[in-house]
Amino acid sequence: MPGVDSLKQCLGCGDRREEIELMRIVNNKGELKIDPGGRLSGRDVYICPQVSCFQAARKDNQLSEELHLEITEELFNQLLEEINHG
Ligand SMILES: [Zn+2]
């Protein structure tokens with residue numbers, strides 16, 4: 001039965017939401033990927049699909065540390081693009 005088990009915490013605002021309501025960001029073999037289907041393996045984080053949460057998650061290098069990946073300005077902008085288009 002789906003329910004509590006599928007709740008994930010947003011790295012940005014800390015809210016717990018259904019997995020499908022959040023964006024899954026994965027460090028897939030050293031590459032930053034957005035993985036809505038949850039198929040890719042690797043270190044992952046969940047973030048609400050809104051710019052404010054991404055910016056909060058990026059503060060203090062949280063996002064980099066969680067993913068063990070350097071989040072450059074370019075990568076971060078790519079992420080923001082994905083939110084805006086999705
Ligand atoms: Zn959030």
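Strand β3 (residues 23-28) and β5 are paired antiparallel through five bridges; two strands count as paired if DSSP finds at least two bridges between them. In this pairing R24 stands opposite Y46 of β5. The model is predicted: local features need pLDDT of at least 70, side-chain atom pairs count only at pLDDT 80 or more, and totals for chains, interfaces and linings use all residues. Residues are numbered from 1 along each chain as its sequence is written, and side-chain values use heavy atoms, with hydrogens and water left out.

The open sheet has three strands in the order β4-β3-β5, with antiparallel pairing. Its edge strands, β4 and β5, each pair on one side only. From one strand to the next the twist averages 20 degrees.

Helices (H or I, at least four residues) and strands (E, at least two) are DSSP runs, numbered from the N terminus.

| Element | Residues |
|---|---|
| β4 | 31-34 |
| β5 | 43-47 |
| α3 | 73-85 |

Helix α3 lies across β3 and β4 and runs at about 10 degrees to β4. Axes are lines fitted to C-alpha atoms, for helices over the stretch in contact, and angles run from 0 to 180 degrees between N-to-C directions.

Leaving aside neighbours within four places in sequence, I47 is in contact (heavy atoms within 4.5 Å) with residues including C10, L22, I25, F54 and L63.
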